[in-house]
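User: Could you walk me through this one? I'm new to it and would like to go piece by piece.

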Amino acid sequence: MIRRQALQRMAVACAALAAPAAFAQGDKPVTIIVPYAPAGTTDILGRMLAQQMAPLLGRQIIVDNKPGAGSGIGASYVARSQPDGSTLLVATSTTLAINPWLYKKLPYDPVKDFAPIGMIGAVPLLVVVNASSPVRSIGDLVALSRSSPGGLSYGSAGNGSPQHLVAEMFSHATGARLSHVPYKGSSPAIVDLLGGQIQVMFSDIPPAMQQIKAGKLRALAVTSARRQSALPDIPTVAESGAAGTQGFEGVAWQSLVAPAGTPKDVIQRDADALAKVMAQPELRARLEQDGIEPVTRPMSPEQLAAYIQSETERWGKVIRASGATVD
């Protein structure tokens, strides 16, 4: 029995050692940097990409979390990495389009330091209130905010976060009177929303879903251009019909980039692999369940560069109007 158990353990160990042999010999592993903490939306996405892209690239892919400074720590690490295709970054709208307007000094240049590979998807938000709130629609929310002394307080994952900025977009579009209360992450904000310390939140979908299903939060609308498959009965903000909401869309997004100077053939190889991964129905369904709206058609590296530029200009207008800064 002891001998058989020893052989079984040895077989497992050998299988683990042999696993990398399926990848191209002589190639060092690819590391995908996730500039946020583990278990969040971006981390989940990075690990899904690593699993699916590895066999397409013929190389082992490792995910490394480097959170902090509004994704700046991870981004600056990739910006300084060798441009040989071995280090990639899951770059968000915060990393490339929002931070340049929030920080007086960034440890990276969002344009010069990165080579775009491809778009992954959008991250819509949910407008949520406590289930005990009398607010049952976007129109109710706007009306109550105008009639309440001082307006309504809303929480976000932090100053300059997409939750903060989309709420500011909404306020400017509708005339809603909203007062920002920044938190260190979405979870503590949701706790205070449940406790009645704040009245509304523009939340990522995953952290709000459990409380919605439990009947503790009420979802009023989603901030994307179309309804989400995970919540098909929840209308978009634009569908609410409230004044100023026509055409409203406020979403964050996720993309894949490499250090500037990475050879064009390597960028194209990664872009092709990403496009194949994003075309998989199973992966697309999983992304939607996790609150990510997968890109409907692949963006070439050049198209992504142009999109990032347009988004930088769009978020700049929002940030200047809100007066948000980060020291």
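This is a predicted model: local features need pLDDT of at least 70, side-chain atom pairs count only at pLDDT 80 or more; totals for chains, interfaces and linings use all residues.

User: Let's start with H11. How many residues does helix H11 have, and how far does it reach?

Analyst: Helix H11 covers residues 301-322, which makes 22 residues, and it reaches 31 Å from its first C-alpha to its last, close to the 32 Å expected at 1.5 Å a residue.

User: And which residues of H11 are buried?

Analyst: The buried residues of H11 are Pro-301, Leu-304, Ile-308, Glu-311, Thr-312, Trp-315, Gly-316, Val-318 and Ile-319. As background, an α-helix has 3.6 residues a turn, so residues three or four places apart point the same way.

User: What comes after H11?

Analyst: H11 is followed by Gly-323, a residue whose phi is positive, near 75°.

User: Back to H6 for a moment. At what angle do H6 and H11 cross?

Analyst: The axes of H6 and H11 come within 10 Å and cross at roughly 75°, and that makes H6 roughly perpendicular to H11. On the H6 side the contact is made by Leu-165, Val-166, Glu-168, Met-169 and His-172, while H11 contributes Arg-314, Trp-315, Val-318, Ile-319, Ala-321 and Ser-322. Sorted by class, this contact of H6 with H11 has seven nonpolar, two polar and two charged residues.

User: Okay, other pair: how do H7 and H8 cross?

Analyst: The axes of helix H7 (residues 186-195) and helix H8 (residues 205-213) come within 10 Å and cross at roughly 30°, and the two helices are therefore roughly parallel to each other. H7 passes H8 in a right-handed crossing. Ser-186, Ile-190 and Leu-194 of H7 make the contact with Pro-207, Ala-208 and Gln-211 of H8, and by class this contact has four nonpolar, two polar and no charged residues.

User: Where is Leu-231, and what does Leu-231 touch?

Analyst: Leu-231 has its place in the loop between strand E9 (217-222) and E10, and at 13% relative accessibility it counts as buried. Not counting residues up to four places away in sequence, Leu-231 touches Leu-126, Ile-205 and Met-209. The C-alpha atoms of Leu-231 and Ile-205 are separated by 9.4 Å, and these two residues are 26 residues apart along the chain.

User: New topic: what is the phi of Ala-69, and what about Ser-71?

Analyst: Ala-69 has a positive phi of about 55° although it is not a glycine, and Ser-71, likewise not a glycine, has a positive phi of about 80°. Ala-69 lies in the loop between strand E2 (61-65) and helix H3 (72-79), and Ser-71 is also found in the loop between E2 and H3.

User: Are those two buried or exposed?

Analyst: Ala-69 is partly exposed, with a relative accessible area of 46%, whereas Ser-71 counts as buried at 1% relative accessibility.

Notes
Residues are numbered from 1 along each chain as its sequence is written. Side-chain values use heavy atoms; hydrogens and water are left out. Axes are lines fitted to C-alpha atoms, for helices over the stretch in contact, and angles run from 0 to 180 degrees between N-to-C directions. Helices (H or I, at least four residues) and strands (E, at least two) are DSSP runs, numbered from the N terminus. Angles under 35 degrees count as roughly parallel, over 145 as roughly antiparallel, 65 to 115 as roughly perpendicular and the rest as oblique. A crossing is left-handed if the near helix is turned anticlockwise from the far one by less than a right angle, and right-handed if clockwise. Contact means heavy atoms within 4.5 Å. Ala, Val, Leu, Ile, Met, Phe, Trp, Tyr, Cys and Pro count as nonpolar, Asp, Glu, Lys and Arg as charged, and the others, Gly among them, as polar. The expected span of a helix is 1.5 Å times one less than its number of residues. Buried means under 20% relative accessible area, exposed over 50%, partly exposed in between (1.4 Å probe, protein chains only).
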